[in-house]
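Thank you all for making time this morning. I would like to walk through one structure with you, going from its strands to its helices and then to a few single residues.

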Amino acid sequence: MLKNTQTARRAVLFMNLGSPDSTEVKDVRRYLNQFLMDERVIDLPLIPRALLVRGLIVPFRAPRSAEAYKTIWTKEGSPLIVLTRALQEAVQQKTEEPIAVAMRYGNPSPRQAYDQLVKEYPLLEEVILFPLYPHYAMSSYETAVAYAEEQYAKGKYGFKLSVIKPFYNHPDYIEALSANIQSHLTGGYDHILFSYHGIPERHIRKSDPTKSHCLQINDCCNVDSVAHNTCYRHQVFTTTKLVTEKLDIPAGKFSISFQSRLGKGWLQPFTDIRLEEMPNEGIKKLLVVCPAFVSDCLETLEEIEERGKASFMNAGGESYHMIPCLNTHPLWVNAIAEWIKEKNKYSHTDNPLTPNF
């Protein structure tokens, strides 16, 4: 039985990527403008960024994206929003702290969530920000935290804001992710593709505090460095290594690729290209998992499950299955509930962009 009352002094704020309010082109256009005008997503100066986004990308992409959203939209709305709300409800059953939801782009904003929490819990002393991103990247985790902190500062709230760090190598996350994958291995497969969201290589270099390690020395992801604390590439390699070791998947049976690229100079290999190549390499039965996402969304349901399957099967594949994201997997729900209970171990108030695992 929940004990959330107006006397609650601590609350949790789940923060995910976000979604358009509907599949109407105008709503998708508004969402894409907010998303792509983020300086941590397209890191160009304001004027050239605006010319590129508002003059070229959004006018052409909005109608196509609207059609893509229509293929996955549910009667309850956007899958990402629906699944984030479902996670909120599932975790809420296991913790006394009230849990709210905010999005980096679209609705609800962190400011809306803060205001609602303060209204419902006037004695609130702390909000634990939980970015639902396992890995650090300036275009995901960093921008979510920066945006939440900016809105927190503007609101001049009386509560303290602390932040859950990236959990790419946390044993509880690895356990949940491995269990989720394990349940899909019984049908037989030739290969498992770990498809992570792509980012430009320049973002890897920008996030390197040493400015001399990432993508600048041989085998940089396997050479110890403080840069790994903010290196997306190292962190996705680490997640894959820990999961495949736990599941005892041999080296020849899995690989890593990167999806959703926008432009040149992004991390390789590219998922869409690999899906077309694999059948010719003798990989006929493929499993695909997307560990960069904890909630299924456009990038998993439409890009990987729909278009990815079509590409693989048209290239000669025989079976293709996308493993769903963690969503509300019981071990994932339990992990979050435990992290909330032990928040002093997993959160901090000094530097929200520095992991401590």
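Predicted model: local features only at pLDDT ≥ 70, side-chain atom pairs only at ≥ 80, totals over all residues.

Residues are numbered from 1 along each chain as its sequence is written, and side-chain values use heavy atoms, with hydrogens and water left out.

Let me turn to strand pairing, where two strands pair if DSSP finds at least two bridges between them. Strand β1 (residues 10-19) pairs in the parallel sense with β3 over six bridges, and alanine 11 has valine 127 in β3 as its bridge partner. On β1 there is also a parallel pairing with strand β2 (residues 99-106), over seven bridges, in which serine 19 stands opposite glycine 106. Strand β3 (residues 126-131) in turn pairs in the parallel sense with strand β4 (residues 160-164) over four bridges, and there valine 127 has leucine 161 as its bridge partner.

How well covered is β3? By burial I mean relative accessible area with a 1.4 Å probe, protein chains only: under 20% is buried, over 50% is exposed, and in between is partly exposed. Six of the six residues of β3 are buried, with Glu126, Ile128 and Phe130 on one side and Val127, Leu129 and Pro131 on the other. As for β1, nine of its 10 residues are buried.

There is also an open sheet of four strands, in the order β6-β5-β7-β8 and with parallel pairing. Its edge strands are β6 (254-259) and β8 (319-323), each of which pairs on one side only. Neighbouring strands of this sheet are turned by 25 degrees against each other on average, direction ignored; for such angles, axes are lines fitted to C-alpha atoms, for helices over the stretch in contact, and angles run from 0 to 180 degrees between N-to-C directions. Helix α10 (residues 298-314) packs on the sheet and touches β5, β6, β7 and β8, its direction making about 165 degrees with that of β8, where contact means heavy atoms within 4.5 Å. Within the sheet, β5 (residues 191-197) and β7 (residues 285-289) pair over four bridges in the parallel sense, and histidine 191 has leucine 286 as its bridge partner in β7.

Now to a pair of helices: α6 (residues 171-182) and α11 (residues 330-341) pack at an angle of about 170 degrees, with their axes 8 Å apart. That makes α6 roughly antiparallel to α11, given that angles under 35 degrees count as roughly parallel, over 145 as roughly antiparallel, 65 to 115 as roughly perpendicular and the rest as oblique. The residues that meet are Asp172, Tyr173, Glu175, Ala176 and Ala179 in α6, and Leu331, Trp332, Ala335 and Trp339 in α11.

Which residues does histidine 228 touch, not counting residues up to four places away in sequence? They are Tyr168, His213, Cys220, Cys221, Val223, His234 and Gln235. Histidine 228 sits in the loop between α7 (201-206) and α8 (232-247), and it counts as buried because its relative accessibility is 7%.

As background, most residues other than glycine have a negative phi, and most peptide bonds are trans.

Finally, I promised to return to proline 269: the peptide bond to it from glutamine 268 is cis, with omega near 5 degrees. The bond from asparagine 107 to proline 108 is cis too, with omega near -5 degrees, and proline 108 is placed in the loop between β2 and α4 (110-120).

Key: Helix = DSSP H or I, 4+ residues; strand = E, 2+ residues; numbered from the N terminus.
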